[in-house]
Amino acid sequence: MDGNHKLDKLEKELEMDKMQRDKYQRLIEEAAAAAEAEPELEPEPEPEPPVEAKREPAHHDVDTGIMIPCSEVTVKRQVGVGAFKDVHQGEWQGNAVAVLKLRHPDDETQRIEFMKEAAIFVQAGDHCNLLSYFGRCEPDPSTGEGFHAFVTELAKHCSLDDFLEQVHHRPDRYGGQMPVTLKRDAAAQIASGMAHMHERNLIHRDLAARNVLVAEYDVSRGVIAVQVTDFGLCRSVASSRYLATYDAKHDNETVPKLWIPPES
């Protein structure tokens, strides 16, 4: 008796399954017939490729700080080389300074980038862990005499990468050691400089030991002072903290991909 009940149940399940399959098949056939009855639609035209926006010319009316007459600046020996600037020791108003001279002043692109960097210096403002910027020089428009340059604070020592190299390989220079406490202090000062730039809506985009200067070092007193510099690749994000207005496709400059932060 129990076997007959199971057999009846199985037959009912098979019958229900067949009814479901027939229903689905009927729906498929009805849909196919309706599709054949509809008139053929003309294919939509392919959208035209977007027209590339023209890059706006750089504006020269940005704030680049005070103008310093070239005659007031004494340029001495060269101490470094940048992407498009040569770094010299110099003197201005009786003080030792750094003079960052534009290498190819006839190159319009370099002059524009030069002006942008000056504007970034001004926007960044004063901070103990950023290189101090005093102003810029440019040739006299009437005579053509002079040079394009920034006048900045002169760091007493070298860049942080060279400094670390010398600490470990030239004990005669810095005692052959840099305690971990001073390394920590240097890292904290760099972070402080970056936090200040963030407050000014700026991102550096090229933060590396080569772009950090050691302004003071005394291992016996446990003192180190470092300053971030080289704002050539820096960008203002005042309009959008996520760079919604920054079009990387139209930016053909060289970007240090190994160091560039994610928000860029």
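I begin with a definition: a nonpolar core here is a set of buried Ala, Val, Leu, Ile, Met, Phe, Trp, Tyr and Cys residues joined through side-chain atoms within 4.5 Å. Buried means under 20% relative accessible area, exposed means over 50%, and partly exposed lies in between, with a 1.4 Å probe and protein chains only.

Two remarks on provenance follow. This is a predicted model, in which local features need pLDDT of at least 70 and side-chain atom pairs count only at pLDDT 80 or more, while totals for chains, interfaces and linings use all residues. Residues are numbered from 1 along each chain as its sequence is written, and side-chain values use heavy atoms, with hydrogens and water left out.

Let me turn to the cores. Which residues of the largest nonpolar core touch the most other members? They are Ile224 and Phe231, in a core of 30 residues. The elements that contribute two or more residues to this core are β3 (95-102), α2 (108-124), α3 (160-169), α5 (180-199), β7 (212-218) and β8 (223-228). Helix α2 gives the most, with five residues. As to the naming, helices (H or I, at least four residues) and strands (E, at least two) are DSSP runs, numbered from the N terminus.

Phe231 deserves a separate word. Leaving aside residues up to four places away in sequence, Phe231 touches Glu117, Ile120, Phe121, Leu130, Met197 and His204; contact means heavy atoms within 4.5 Å. There is also a second, separate core of ten residues, which includes Cys70, Trp92, Cys137 and Val151.

Next, the overall composition. The chain has five helices and nine strands, and from the N terminus on its elements run α-β-β-β-α-β-β-α-α-α-β-β-β-β. Of the 264 residues in the chain, 32% are buried. Among contacts with a separation of 6 or more, 60% come from residues 24 or more positions apart. The accessible surface comes to about 17,700 Å², and carbon and sulfur atoms hold 53% of that surface; these areas come from the Shrake-Rupley method with a 1.4 Å probe, and for residues only the protein chains shown count as cover.

I now come to the sheet. Five strands form an open, antiparallel sheet in the order β1-β2-β3-β5-β4, where two strands pair if DSSP finds at least two bridges between them. Why is one side of β1 (73-81) and of β4 (133-137) left without a neighbour in the sheet? Both stand at the edges, each with a single partner strand, so one side of each has no neighbour there. Neighbouring strands of this sheet are turned by 30 degrees against each other on average, direction ignored.

Strand β5 (residues 149-153) is joined to β3 by five antiparallel bridges. Within that pairing, Ala98 has Thr152 as its bridge partner, and Val99 stands opposite Val151. On the β4 side, the pairing with β5 is again antiparallel and covers four bridges, with Gly135 opposite Val151. Strand β5 is mostly covered, as four of its five residues are buried.

Finally, the charged pairs. How many salt bridges does the structure hold? There are ten, a salt bridge being a side-chain nitrogen of Lys or Arg within 4 Å of a carboxyl oxygen of Asp or Glu.

Lys76 and Glu91 form one of them, at 3.4 Å from N to O. This pair links distant parts of the chain, with Lys76 in strand β1 and Glu91 in strand β2 (residues 85-92), 15 residues apart. Lys76 is partly exposed at 42% relative accessible area, and Glu91 is partly exposed at 32%.

In the salt bridge of Arg210 with Asp206, the closest N and O atoms are 2.7 Å apart. Here Arg210 is partly exposed at 34%, whereas Asp206 is buried at 8%.

Arg221 meets Glu216 at 3.1 Å, N to O. Arg221 is exposed at 53% relative accessibility, and Glu216 is partly exposed at 33%. Both belong to a network of salt bridges that links Glu216, Asp218 and Arg221.

Thank you for your attention.

Definitions and conventions
Axes are lines fitted to C-alpha atoms, for helices over the stretch in contact, and angles run from 0 to 180 degrees between N-to-C directions.
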